[in-house]
Amino acid sequence: MGFRLEVTGGDPIKFDERAIINAEFSSLSPHDSNARATDYGMELKIWGKMLFSLGGQESDSTLNVSKWSRLPSEDALCYRSAKLDVIAAGNVVRQFELPHAFVMDYTEELDDETGVGTFYLHMKQKKDQTRQVKLEGGFAGE
Amino acid sequence: MSLRVTVSGGGGDFEIAKECVRSVRMTTDIPLNSDARTKDVGSTLILKGKILSAVDGDPFDSTRQMALWSAVPAEKAACYRNVTVEVIQGGIMERKYTFPNAFVVDYQEHFGDVEGTGTFTLMLKQKKDKLNNVAVEGGYPAV
């Protein structure tokens with residue numbers, strides 16, 4: 001199962017299956033509602049490896065993610081378009097697109113044991129723009 | 001054990017294949033601080049399962065329909081749908097849960113680089129004022 005994450009609208013952020021370990025999509029609404037709530041949001045969570053580049057043949061985007069996560073809310077660049085593809089057996093099983101995503105949480109962990117660090121990125125679509133989220137999938141592609 | 005889930009209404013009838021659904025959990029939610037029988041009773045269905053990729057030109061599984069349902073805003077009538085969960089064991093319909101006015105509370109999909117397939121969790125509730133319409137049946141031969 002392969003993953004491709006691309007965030008556009010600022011410094012380039014791109015990860016593929018070599019870096020991404022887990023991906024999660026959530027569509028969440030309040031648990032105490034008696035009927036369908038208007039207050040629902042959609043988010044993407046990505047867990048991955050921080051693959052450092054040997055001699056510059058690959059670019060590691062984690063530095064750009066870190067910069068994105070520290071942008072102040074006044075900056076227009078804090079909202080970006082995030083697209084995640086989940087690919088298996090020559091099919092795009094899912095293609096999630098959050099056109100106005102902002103960073104909810106970004107964590108990096110590095111130690112002297114594992115060799116590569118890991119990151120966790122939590123993105124959410126700006127809530128009033130939840131309807132712009134695209135949930136595609138079920139077509140051929142690699 | 002075979003779990004068959006059908007969702008109808010809202011202009012998009014679909015069935016979540018028995019190959020996909022792994023577990024169902026039905027709960028009746030009663031406030032824990034009630035001193036006597038409460039009026040505030042709700043019911044929840046939690047479905048968990050797998051997201052499969054099509055091979056050999058088979059049709060894609062309908063799990064994406066759940067994601068699309070979870071994106072329907074509250075203003076649309078299509079956010080309430082009729083959900084039936086049938087648990088069939090050895091030719092016997094062990095349980096048949098019917099939530100005629102179910103809405104999505106949470107929907108999550110998880111994909112990992114180890115499992116090979118994705119997993120989903122769908123949390124549904126019956127519209128609280130329509131609780132009487134929830135049906136729990138079972139114990140008869142499955143057709």
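Biologist: What should I know before reading the numbers?

Modeller: Residues are numbered from 1 along each chain as its sequence is written, and chains are lettered from A, with ligands numbered from 1, in the order in which they are written. As the model is predicted, local features need pLDDT of at least 70 and side-chain atom pairs count only at pLDDT 80 or more, while totals for chains, interfaces and linings use all residues.

Biologist: How many helices and strands are there in chain B?

Modeller: Both are DSSP runs numbered from the N terminus: helices are H or I with at least four residues, strands are E with at least two. Chain B has 1 helix and 9 strands, in the order β-β-β-β-α-β-β-β-β-β from the N terminus.

Biologist: Is Tyr97(B) buried or exposed?

Modeller: A residue is buried if 20 or more other C-beta atoms, placed from the backbone, lie within 10 Å of its own, exposed if 12 or fewer, and partly exposed in between. Tyr97(B) counts as buried because it has 21 C-beta neighbours inside 10 Å. In chain B, 29% of the 143 residues are buried.

Biologist: Where does Tyr97(B) lie, and which residues does it touch?

Modeller: Contact means C-beta atoms, placed from the backbone, within 7 Å. Tyr97(B) lies in strand β6 of chain B. Leaving out residues up to four places away in sequence, Tyr97(B) touches Met26(B), Leu45(B), Thr84(B), Val85(B) and Val136(B).

Conventions. Contact = placed C-beta atoms within 7 Å.
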